[in-house]
Amino acid sequence: MLRPPFSQEPIPINNWDVIVIGAGAAGLMTCLELPSNLKVLLLNRNTSKVSSSRWAQGGIASVVRQDDSFDLHADDTLKAVMDYVIFSCRNAS
Ligand SMILES: Cc1cc2nc3c(=O)[nH]c(=O)nc-3n(C[C@H](O)[C@H](O)[C@H](O)COP(=O)(O)OP(=O)(O)OC[C@H]3O[C@@H](n4cnc5c(N)ncnc54)[C@H](O)[C@@H]3O)c2cc1C
């Protein structure tokens, strides 16, 4: 059951099999992956638009293939950040 936004009604605490905190990509994916027979409560801190997931405009990058690794993922991420920093510095003036 979806609650209306900005509701001030107390949420019953004993009605849930799972409580997920945070409605970013991780929280939403967790909810989608849970068995559909479970009663899930998804809580988010506020109704503002502050979440990293809103900024992830480049597609979600993660380690999913056998020939990938967390080290390669970290290297790629750092390289992308450095490329962006260099680009920003060169175009700042
Ligand atoms: C500028 C930027 C660009 C990015 N670009 C990419 C990209 O292109 N590709 C990519 O793969 N990744 C990107 N990332 C990384 C990616 O956004 C994050 O790894 C991912 O979104 C994290 O998801 P999350 O659900 O863990 O966190 P979030 O999306 O931040 O969600 C956490 C949620 O929890 C809520 N919350 C926090 N504290 C509480 C609390 N105490 N009680 C209740 N709720 C709470 C917050 O309000 C928020 O909604 C980017 C990150 C940034 C900042």
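1. Let's start with Gly58. Gly58 sits in the loop between α2 and α3 (70-90). Its C-alpha atom and that of Ala23, 35 residues apart along the chain, are separated by 19 Å.

2. A word on what we are looking at. This is a predicted model, where local features need pLDDT of at least 70, side-chain atom pairs count only at pLDDT 80 or more, and totals for chains, interfaces and linings use all residues. Residues are numbered from 1 along each chain as its sequence is written.

3. Now the overall layout. The protein chain has three helices and two strands, in the order β-α-β-α-α along the sequence. Those elements are DSSP runs numbered from the N terminus, with helices being H or I of at least four residues and strands E of at least two. The protein chain is more spread out than a compact globule, because its radius of gyration is 19 Å, well over the 12 Å that the globule rule gives for 93 residues. That radius is taken over C-alpha atoms, and the rule is 2.2 Å times the number of residues to the power 0.38.

4. The C-alpha atoms fill a box of roughly 55 × 40 × 15 Å along the principal axes. Buried residues come to 0% of the 93 residues. Of the contacts with a separation of 6 or more, 32% are between residues 24 or more positions apart; a contact here is two C-beta atoms, placed from the backbone, within 7 Å.

5. On to the ligand. There are 21 residues around the ligand, and those coming nearest are Gly22, Gly24, Ala26, Ser53 and Gly58. Helices α1 (25-33) and α2 (52-55) are the elements that give two or more residues to this shell. Being near means that the C-beta atom, placed from the backbone, lies within 6 Å of the molecule. The shell divides into ten nonpolar, ten polar and one charged, where Ala, Val, Leu, Ile, Met, Phe, Trp, Tyr, Cys and Pro count as nonpolar, Asp, Glu, Lys and Arg as charged, and the others, Gly among them, as polar.

6. Last, Gly27. Gly27 lies in helix α1 and is partly exposed, with 17 other C-beta atoms within 10 Å. Leaving aside residues up to four places away in sequence, Gly27 touches Val20, Ile21, Gly22 and Leu42. Gly27 and Leu41 are 14 residues apart in sequence and 11 Å apart in space, C-alpha to C-alpha.

Notes:
A residue is buried if 20 or more other C-beta atoms lie within 10 Å of its own, exposed if 12 or fewer, and partly exposed in between; C-beta atoms are placed from the backbone.
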